[in-house]
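Me: I'm new to this one and would like to learn how to read it. Could you walk me through a few features?

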Amino acid sequence: MASSVSSQQDHQVLVEANSSARILSLNRPKQLNALSFQMISRLLELFLAYEEDPNVKLVILKGKGRAFCAGGDVAALVRDIRGDDWRAGAKFFLKEFTLNYLMAAYSKPQVSILNGIVMGGGAGASVHGRFRVATENSVFAMPETALGLFPDVGASYFLSRLPGFFGEYVGLTGSRLDGAEMLACGLATHFVPSAKLAMLEAALCIVDSSDPVIISSIIDQYCEQPSLKEQSVYKRLDVIDRCFSQKTVEEIISALERELVHKMDVWISTTIQTLKKASPTSLKISLRSIREGRLQGVGQCLVREYRMVCHVMRGEVSKDFFEGCRAILLDKDKNPKWEPSKLELVTDSRVDRYFSKMNTEEWEDLKLPTRSKHKLPLYAIAKL
Amino acid sequence: MKEKKNEEEHPSFSMDRAFQRTKILTNHLLQSSPSSPAQIPSLSSNACLDYSPPELSEGYAFDIKEMRQLLDGHHVADRDWLFGMMMQSKLFNPRVRGGKVFVSPDYNQSMEQQREMTWKRIVYLLERGVFKGWLTEKGEEAEMRKFAYFEAVGLFDHSIAIKLGVHFFLWGGAIQFFGTKHHHDKWLRDTENYLIKGCFAMTELGHGSNVRGIETVTTYDSNTGEFVINTPCESAQKYWIGGAANHATHTIVFSQLNINGTNQGVHAFIAQIRDAVGNVCPNIRIADCGHKIGLNGVDNGRIWFDNVRVPRENLLNSVADVSADGKYLSSIKDPDQRFAAFLAPLTAGRVNIAVSAVYQSKVGLAIAIRYALTRRAFSVKPNEPEVLLLDYPSHQRRLVPLLAKTYAMSFAANYLKMLYVKRTPQSNKTIHVVSSSFKAVFTWNNMQILQECREACGGQGLKTENRVGHLKGEHDVQSTFEGDNNILMQQVSKALFAEYVAAQKKNKAFKGLGLEHMNKPCPVIPSQLTSATLRCSQFQMDALCLRERDLLKCFVLDVSQHQAKGESKEHAFIMSYQLAEDLSRAFSDRAIFQKFVEAEATLAAGSLKDVLGMLRSLYALICIEDVAFLRYGYLSVDNAAAVRREITKVCSELRPHALALVSSFGIPDAFLSPVAFNWIDANSWSSVQH
């Protein structure tokens, strides 16, 4: 019985051991490889083991089917929490963020093959690693604000480090990026046409090195330089910088509206619409999180996000997350009723509460796994 | 040379080195050739030194966010917004070193280029709404927010802060304080939007601190209803005028006002010096002050006025006016008081300078302490790892007391800001004395701290990109502008003298300036100081009060003895300068300490309070270690030795908190420098490649 359960869990992450590389495939294609608690636990276990194993030089992470990973399995989570047990949710994120940190400060290179959907938790399971290979099938998004959540999984670290204020734009609007855009802004490190992925994998399996310079040069051999599509948001960086650099969400929206005064622009009005549909609380805590994250190391970011996510799960300040999941994932009426319903009702002190410790017994801040035992590569050290 | 000497003295070092070199060479030889021939092998650091980030080995015993809130005091999120704003723009010269981004001006640019960049950065911040309300919004919240932004910008570069300071606080402040409604309506909004660019022409070649002696002369022509401003001689040329050399379109001119042959003293006028496209106006001559030891992003200039005519309403007339037919009118009859009213904007400047000095010290210390937590030198025994710099008690003794000083200054600076923001006519004297004292002491401390930090970073401290050394040149001016430090400290002593004489004359108790302790019995220092006593805040306060009290009495006595010999009070002050210096130092130390104690008292028991208690003790002890305590006999030689011993003890107790204490400064990594992080990677061969 126990073994069948564990083997079923094991099936959610497939492992191929090819010489010095390990290929891990997320294997819940029907759920677009949404991360279950079991998958996260398994990944954590594998990553920790590979770090100890001198025969492993490199870890490749990919997804079965048309998604790399569509995020954390939020639907399952909400079912758990509905039973009034926010701690179950907290436990999920504790594990997930620990994995995110391990990936960010990992002693060996991780190559993620992003041949499909990369959203939320999927971004957290890939962007922290050293190499992210986008393809013509890649679709990236951090859609949390539409769900009453906020870009977590260390997004406040990596979004805030995108050029200019593109991170604020991506994090607040949940805008979808394609492979070319991911490469342009730095979310991806390489772009390889999907037809060449099999060859790339084969080449990576025989490289027998953890040297990022060597691995990068291997991937380079299969790379192509994609061009940004005509309508790409990445061509609107000037507007994005002007508007999304504003101090508050309200000011960002007014700045966008001011842009419209001069000239009608579909993309800007859509952006405004998207922001107005998102949870006001989510927008405000997301903006604050990205702004703080810009000045913090990846560990501090995850500790802060863990505090935030526990507040969200507990639902004392706002229950928008449950409402968002109801409207988008469960009832699918796409008509969430946010509370507070307007930006101006989300006061600074309300926002502050998400960033404070939980004042409840037995709750502790996220404890980051120790990293001093392993010799970390330079790129990992720079993130601490 | 130095290395060789060490080897001769310690043969074990040379053995050790030989062993190390062999190991490194062996490693080079054994290193497998890279698979791709095009690749240059990345140097293996296995046998070499490893950079180990202090974050991985040093813990935080208290919440650094909470500590930062206490230190910054206000508008933390607003500061962070502005930091991010600067980091995300190419204008702020982001560079990657050791895998991290650092922002800092390119000081290798020519003076003209630096000025150009400073101006572009100001325009960028203006367009992003950073200066919104700086002159048009009133109230405590707006003023404190302005302070916060100003402090954050100052962490990037001193030049940009000074350019803003001149435009908003000096030019804008002069219009606010000396102008009346029509000046406010006409100039403030345009100033805030930079439709005009202001400067502030007070200092002359021949007169700096002695503003009353300036030689520029203004007369009134009742036929045309104009004032005529003139520079009568070379020593009257306006000097060091920030903004004058390139950018400013308008200036405040300080000048003697001569009405019908009567000199009415110093007054302030508005004069246009450039037209909208930047041409210098007729009858104005402008020259550049040239390259400076710092602040080269500021276009300091010199101005000569050749009978420049300005309309009558350009006199800033809040304290005095001239009627259309040329009559002098003033609500303040006493010329001394009238003059004092003109110096009000300089108070705001002094508050800004004092606070800015504290933030520069934070940058220096964060860099030097982070470096000391990653840099090793010498092994105690052969084949043992080399010792971390901060694990040497001598290195702790150099840096940790400066950390305590910086914490003390932070709390005092927060008090000073509140004092300024909540100002009333009654608090003017206190603000003047406290801002003078803190400005002088903080800027002196800052220079001392930066020098120590520079030396603590060794050769790396000499690189401009590592900031700590360069900041010295940038901030040296702080001890001179907006009131020479020595002059300011003399004013502190004179103010204390006046308090003492007034209290004696009226037989009244001391009230204000923290002098209430003078009303109590004189504190007694125990003949044998134990560790417990030395750590007790009551003892610490007693010791500092004792010194202040006694020096004030001595100073008054000394001055009166000079006066008894028939000398004037002014001459007596000049002759008693040594006591005056010691007294102003005693006042400052005590006033700063008091603010530390008050900040500590606001906290609930816990690890944060414990650490602050140690820092407070350390700050008090380094004050008590001052030679004045022996010079005037407040401490016995034995007790002075006990103080010194205790200092080393507290330093070692604070050592485990060093990283947390500098992290609490809240200065983003990007505003520190490469030597504070992975300095090996930042200097690697691969970093030379691009």
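Reply: Happy to. Keep in mind that this is a predicted model. Let's begin with a pair of helices in chain B: helix H17 (residues 537-564) and helix H19 (residues 577-601) pack with their axes 9 Å apart, at an angle of about 150 degrees.

Me: How are H17(B) and H19(B) oriented to each other, roughly parallel or roughly antiparallel?

Reply: Angles over 145 degrees count as roughly antiparallel. H17(B) and H19(B) are therefore roughly antiparallel to each other. As for handedness, H17(B) passes H19(B) in a left-handed crossing. On the H17(B) side the contact includes B:Leu544, B:Leu551 and B:Phe555, while H19(B) brings in residues including B:Leu583, B:Phe587 and B:Phe593.

Me: What classes of residue make up the contact of H17(B) with H19(B)?

Reply: There are 13 nonpolar, seven charged and three polar residues in it. Among the charged ones at the contact are B:Arg547 and B:Glu548 of H17(B), and B:Asp589 and B:Arg590 of H19(B).

Me: Which other helix has its axis come within 8 Å of that of H19(B)?

Reply: That's helix H15 (residues 485-506) of chain B, and the two axes cross at roughly 85 degrees. The range for roughly perpendicular is 65 to 115 degrees. H15(B) and H19(B) are therefore roughly perpendicular to each other. H15(B) makes the contact with B:Met489, B:Val492, B:Ser493 and B:Leu496, and among their partners in H19(B) are B:Ala580 and B:Leu583. By class, this contact of H15(B) with H19(B) has six nonpolar, three polar and one charged residues.

Me: At what angle do helix H7 and helix H8 of chain B cross?

Reply: At roughly 145 degrees, with the axes of H7 (residues 140-156) and H8 (residues 158-178) coming within 6 Å. Among the residues that meet are B:Phe150 and B:Val153 in H7(B) and B:Leu164 and B:Phe169 in H8(B). The contact of H7(B) with H8(B) divides into seven nonpolar, three polar and one charged.

Me: Now for domains. Where does UniProt place "domain: Acyl-CoA oxidase C-terminal" in chain B?

Reply: An unreviewed UniProt entry puts it at residues 542-672. That span of chain B is 77% helix and 0% strand, and its end C-alpha atoms lie 38 Å apart. UniProt also lists "domain: Acyl-CoA oxidase/dehydrogenase middle" (unreviewed entry) at residues 199-308 of chain B. Here the chain is 0% helix and 46% strand, with the end C-alpha atoms 17 Å apart.

Me: How many salt bridges does the count come to over all chains?

Reply: It comes to 65, counting a Lys or Arg side-chain nitrogen within 4 Å of an Asp or Glu carboxyl oxygen. Take A:Asp178 and A:Lys229, whose closest N and O atoms are 3.2 Å apart. This pair links distant parts of the chain, 51 residues apart: A:Asp178 is in strand E9 (residues 177-178), and A:Lys229 is in the loop between helix H10 (212-220) and helix H11 (237-244) of chain A.

Me: What about the backbone: is the peptide bond from A:Glu339 to A:Pro340 cis or trans?

Reply: It's cis, with omega near -5 degrees. A:Pro340 lies in the loop between helix H16 (320-330) and helix H17 (348-354) of chain A. Another backbone detail is B:Asn260, a residue other than glycine with a positive phi, near 50 degrees. You'll find B:Asn260 in the loop between strand E7 (250-259) and strand E8 (262-272) of chain B.

How values were computed. Residues are numbered from 1 along each chain as its sequence is written. Chains are lettered from A and ligands numbered from 1 in the order in which they are written. This is a predicted model: local features need pLDDT of at least 70, side-chain atom pairs count only at pLDDT 80 or more; totals for chains, interfaces and linings use all residues. Side-chain values use heavy atoms; hydrogens and water are left out. UniProt positions are given in the numbering used here, feature names are shortened, and annotations may be inferred rather than shown by experiment. Helices (H or I, at least four residues) and strands (E, at least two) are DSSP runs, numbered from the N terminus. Axes are lines fitted to C-alpha atoms, for helices over the stretch in contact, and angles run from 0 to 180 degrees between N-to-C directions. Angles under 35 degrees count as roughly parallel, over 145 as roughly antiparallel, 65 to 115 as roughly perpendicular and the rest as oblique. A crossing is left-handed if the near helix is turned anticlockwise from the far one by less than a right angle, and right-handed if clockwise. Contact means heavy atoms within 4.5 Å.
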